[in-house]
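Subject: Structure handover

Hello,

Here is the structure for your files.

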Amino acid sequence: MFIIPKFKPVKSKKSIKRIAVLTSGGDAPGMNAAIRAVVRTTLAHGCEAFGVQRGYSGLLENLIHPMGASSVANIIQRGGTILRTSRCPEFMTRKGRKQAIELLERHGIDGLVVIGGDGSFRGASILVKESGIPVMGVPGTIDNDIPCTDDTIGFDTAVNTGIQLIDKIRDTASSHDRIFLVEVMGRHSGMIALHTGMGGGAETIVVPEVRTTVNSIVEAIERGVRRGKTSSIIVVAEGCQFGGATPLAKELTKRGYSPKLAILGHTQRGGSPSAHDRLLASTLGAVAVHSLLAGVKEGMVGVEGDYVHITSFKRISQKPAVLSQQLLEISRDLAV
Ligand code: F6P
């Protein structure tokens, strides 16, 4: 259950009339639900809604168009993003941003909602400073690596997808007495690996945040063998010290094992969002619009505990996202 801050929309000469929304960085399941929430909430408050195609690139290429209530019908259940997305290095240049600001002004946009990850928020933060246009961020990334929010849109779906795939892999692993290395996404973060590994009952979880050795992975496999296990699932974060599951598989092969590899990759980014991600996305998208209407100038709408709250972009850039050591310890005990 979310506890939502109460805002009073401000009525002033400078009050917001036109709100645009864009998705940036890697797509994540639930982004469409967030777009829908931004558009519908904007319209419900008597303002005009606009969509920017292809993230910040769309602000350089004039890919901006009005969005009505029916333009977001039947998308809450769809993965990906109907606005499409991109990673846009040009936007990190002053020249690129100048072009973007001119375009936003030309369309009379007086509030922007950016749905994306921490890279997208770095861009948003500079945009606010240089343009004076208020920008709210909504955390949308499967990685769940953004500080000041327990959760990001897409993470729950990605973890559920990972767990479903591990369940399938386990059937083969146990039928053939095999060791499987399952590589999951997450860039520099072990969040997806930890949650997918715990939920899938992995024997070992390798994350970037904690250094390990091939010897200790071998020890864990052998411990299992000693108590009668004939198969193992090792979940490996793509950003771990070994550089993913492939180099680790080579190391295990050198030591006489014959591990099989499953790289889940982009399968974890796709698919219909879970109920949790739809609710999270709908709530955060709506609160982003409420905050703009209440005169908030910038920040990310996140959730900590049950509380939906806003954190400034500056604070987000200063704090690291932390992997729970307690969860890691529990996962080790469960695999004993
Ligand atoms: O940030 C989301 C993410 O899926 C990461 O987990 C992954 O490392 C990266 O994006 C992959 O990016 P791309 O789709 O551009 O290869």
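The notes below cover the domains, the interface between them and the ligand site.

Please keep in mind that this is a predicted model.

Domains

Interface
Contact between the two involves 14 residues of domain 1 and 12 residues of domain 2. About 1100 Å² is buried between domain 1 and domain 2, and carbon and sulfur atoms give 48% of that area. On the domain 1 side, the residues that lose the most area to domain 2 are Asp27, Ile142 and Asp143, which together account for 44% of what that side buries.

As for polar interactions, eight residue pairs are in polar contact between domain 1 and domain 2, counting pairs with both residues at pLDDT 80 or more. The side of domain 1 that touches domain 2 consists of four nonpolar, five polar and five charged residues. The count of salt bridges between the domains is one. A salt bridge joins the side chains of Asp27 and Arg269, with an N to O distance of 3.1 Å.

Ligand site
Which residues surround the ligand? They are Arg87, Thr141, Ile142, Asp143, Met185, Gly186, Arg187, Glu238, His266 and Arg269.

The polar distances to oxygen atoms of the ligand are as follows:
- His266: a polar side-chain atom lies 2.8 Å from a ligand oxygen atom.
- Gly186: a polar backbone atom is 3.0 Å from a ligand oxygen atom.
- Arg187: a polar side-chain atom lies 3.4 Å from a ligand oxygen atom.

On its own the ligand has 400 Å² of accessible area, and the protein covers 74% of it.

Regards

Notes:
Residues numbered from 1 in each chain as written. Predicted model: local features only at pLDDT ≥ 70, side-chain atom pairs only at ≥ 80, totals over all residues. Heavy atoms only, no water. Contact = heavy atoms within 4.5 Å. Buried area = accessible area lost by both parts, 1.4 Å probe. Salt bridge = Lys/Arg side-chain N within 4 Å of Asp/Glu carboxyl O. Polar contact = N/O pair within 3.5 Å; in protein donor to acceptor, adjacent residues only side chain to side chain. Nonpolar A, V, L, I, M, F, W, Y, C, P; charged D, E, K, R; others polar. Near = heavy atom within 4 Å. Areas by Shrake-Rupley, 256 points an atom, 1.4 Å probe, with all protein chains shown as cover.
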